[in-house]
Amino acid sequence: MTGPAAPGDGPRLGAVILAAGLGTRLGPHTDHRPKCLLDVGGLSIAERARAALAEAGARATVFVVGHRAAQIRRAVAGPGVGFAVNDDFRTTSTAWSAAVGLRHLARTAEVDRVVLIEGDVVFDRALLRSLIEADAPDVTLVEPWRPEIDGSTVVLGPDDRVLAWTHTADRTDRFSPGQSWKLVNLHVMSPQTAFGGLLEAAADPGHRTRSLEYVLGREGISHAGFRAVPTRGRRWVEVDDGADLERARALFGPS
């Protein structure tokens, strides 16, 4: 088994996991626990993400909490884990939670790379490694769009540069399935992007109810631009509803 990366093995890694939401589409699964604490193969989604980050050598992982925050704290507390509270989780969206988490990470850890993960994604640890090892400062994980993995998307240009980001709620009739890639909602970026352009835009009061995808698509967020890294068939599931949860348990359950 591969152990955690040693401190000198790679970049100083910090992470923010967005876990403040209500998860209403998963009822009754979330009647008594937050979405990130749903069990998938013997571990909660949050514990899986924390373990993957620890293995990758993360020195600081910040969970952004709101709904059932105390439960999340009890479940994932440990060395290198911190918590930032989005007190307005009922009336704000993922961009605002990202600002809360990035601000906390910038204050509490000195890092060379920043991982940003939405707290409902179950993923193969090799996918995280592929982003960390990518030859670009700002990268995001994608898979060719298809109806069964519908959700937020990007359009790519030459050299897999991201040209446009679209949250599902902002999609228009100009949506082109053949040119769209589904976002896994797992990103790795430089501190300049994370604590500069992204934090500034996400913390804009006018973006309180905007999605993270909307803010990532603003001009000037990344000096070099984001590059897409394909999943290449590795396993992942974004758990939005009961069907997604069952698919995650089938893919990541005991072999």
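This is a predicted model: local features need pLDDT of at least 70, side-chain atom pairs count only at pLDDT 80 or more; totals for chains, interfaces and linings use all residues.
**Strands 4 and 5**

Strand 4 (residues 58-65) and strand 5 (residues 81-85) run parallel and are joined by five bridges. Phe63 has Phe83 of strand 5 as its bridge partner. Strand 5 is mostly covered, with four of its five residues buried.

**Helices 1 and 4**

Helix 1 (residues 45-56) packs against helix 4 (residues 125-132) at an angle of about 45°, and their axes lie 10 Å apart. The crossing of helix 1 past helix 4 is right-handed. On the side of helix 1, the contact is made by Ala51, Ala52, Leu53, Glu55 and Ala56. Helix 4 contributes Arg125, Leu128, Arg129 and Ile132.

**Helix 5 and its cover**

Helix 5 (residues 191-202) has these buried residues: Pro191, Thr193, Ala194, Gly197, Leu198, Leu199, Ala201 and Ala202. Residues three or four places apart on an α-helix point the same way, because there are 3.6 residues a turn. Among the buried residues of helix 5 are Ala194, Gly197 and Ala201. The elements in the table are included in what covers the buried residues of helix 5.

| Covering element | Residues |
|---|---|
| Helix 3 | residues 94-108 |
| Strand 6 | residues 113-118 |
| Strand 11 | residues 180-189 |
| Helix 6 | residues 212-216 |

Methods: Residues are numbered from 1 along each chain as its sequence is written. Side-chain values use heavy atoms; hydrogens and water are left out. Buried means under 20% relative accessible area, exposed over 50%, partly exposed in between (1.4 Å probe, protein chains only). Helices (H or I, at least four residues) and strands (E, at least two) are DSSP runs, numbered from the N terminus. Two strands pair if DSSP finds at least two bridges between them. Axes are lines fitted to C-alpha atoms, for helices over the stretch in contact, and angles run from 0 to 180 degrees between N-to-C directions. A crossing is left-handed if the near helix is turned anticlockwise from the far one by less than a right angle, and right-handed if clockwise. Contact means heavy atoms within 4.5 Å.
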